[in-house]
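Student: I have a new model open. Please walk me through its domains and its ligand site.

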Amino acid sequence: MEIKEINEFLKNNNLPEYRLKQIIKAVYRDGVSCFSEITTIPKELREKMGKEIKILSFKAENVLEASNKKSFKALLKLADGNYIETVLLSPLSDHWSACVSSQAGCSLGCKFCATGNSGFKRNLTNEEITDQILFWKQFIKKNNLAGSFHGIVFMGMGEPFMNYEAVAKSIKSLMDAGLFNFGARHISVSTAGLPEGIKRLAKDFPQVNLAISLATANDEKRSELMPINKAHKLAGIKKALDYYFNRTNRKVFLEYIMLEDVNDKRNDADNLIKFINSNSKPNLLHVNLIRYNAAVSGLKPSKDETVKWFKEYLAKNKISATVRKSLGQEIQAACGQLAGENTKTQKH
Ligand code: SF4
């Protein structure tokens with residue numbers, strides 16, 4: 001929903017400004033799905049708004065639910081017919097986190113990613129990004145899900161730094177005390193490693209969390225797995241990280257998707273250790289080992305014992321690492337599995 005649009009509507013209809021506050025509270029805080037639910041405004045106004053304004057800029061075509069009711073995935077149809085997906089997860093009991101998309105598709109073509117394999121359609125607007133949060137707020141309310149909305153991760157479809165302006169605007173709205181009111185530390189942005197974006201985030205939002213999808217610390221292999229590495233090599237990421245640490249002194253998460261016989265051998269672990277220790281503040285780098293969900297391509301997930309060994313090997317070398325719990329696998333809502341339109345018939 002665009003605040004600008006509501007404002008114009010109120011002005012055009014000679015309505016007092018305090019109505020805006022009532023509407024904003026109902027939509028952004030209380031998660032109402034339609035204007036008719038806003039009991040603090042007159043009935044005629046509710047009806048008129050319902051006819052002329054839409055709260056969400058897309059339509060939900062379907063929502064899939066995991067059997068443990070801890071993850072949900074929605075397929076959303078944008079006004080121009082493009083599709084995106086967005087995910088709601090409960091990594092901790094009573095806490096909900098939304099994983100939002102920043103683009104319809106993605107142009108970076110990472111080999112392990114369903115989105116990358118489905119191609120790029122277009123950037124999302126600020127409104128289309130924040131409406132994903134409104135959508136989940138409404139969903140939590142409608143379905144009486146226990147717990148509160150805790151965090152937002154830009155880890156859905158698309159590379160957030162390829163759509164920096166809209167992503168930055170949406171982060172501002174998310175942090176706006178008069179709108180969503182999320183603390184900066186409850187927001188995370190995940191990038192394939194675009195140095196310019198890392199620096200801009202450090203400057204504009206030093207308290208927002210940063211994650212870098214690394215996949216491997218070997219340039220040759222990385223260029224194979226993540227073609228963006230041909231333009232932005234590990235040395236460029238390292239430089240951007242130096243800048244980031246200087247400005248923020250905050251921890252950065254390195255996302256390491258575990259692929260059998262691709263990046264899970266001892267020399268891969270050694271490369272990772274070397275890369276981390278070559279940074280100005282290695283103690284601020286934390287590795288998240290991610291189980292691959294085999295959504296696309298011939299890549300296979302590393303075996304459980306390999307993941308365990310890898311983590312222990314990193315620990316022996318004083319690198320902090322955790323194996324990230326994979327939520328949403330059953331409904332193809334886990335990392336690298338969001339594909340939008342291409343998976344529509346399969347899932348929805
Ligand atoms: Fe794009 Fe991220 Fe997928 Fe890479 S992993 S193709 S950057 S969505």
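Student: Into which domains is the protein chain divided?

Tutor: Bounds come from an automatic or database domain assignment. Here they give domain 1 (1–55) and domain 2 (57–331). This is a predicted model: local features need pLDDT of at least 70, side-chain atom pairs count only at pLDDT 80 or more, and totals for chains, interfaces and linings use all residues. Residues are numbered from 1 along each chain as its sequence is written, and side-chain values use heavy atoms, with hydrogens and water left out.

Student: What area is buried between domain 1 and domain 2?

Tutor: Buried area is the accessible area (1.4 Å probe) that two parts lose on being put together, summed over both. For this pair it is about 1,200 Å². Carbon and sulfur atoms give 49% of that. On the domain 1 side, Tyr28, Arg29 and Ser33 lose the most area to domain 2, together 44% of what that side buries.

Student: How many salt bridges are counted between domain 1 and domain 2?

Tutor: A salt bridge puts a side-chain nitrogen of Lys or Arg within 4 Å of a carboxyl oxygen of Asp or Glu. The count between these domains is 0.

Student: Which residues are around the ligand?

Tutor: A residue qualifies if one of its heavy atoms lies within 4 Å of the molecule. Here they are Cys106, Leu108, Gly109, Cys110, Cys113, Gly116, Gly158 and Ala192.
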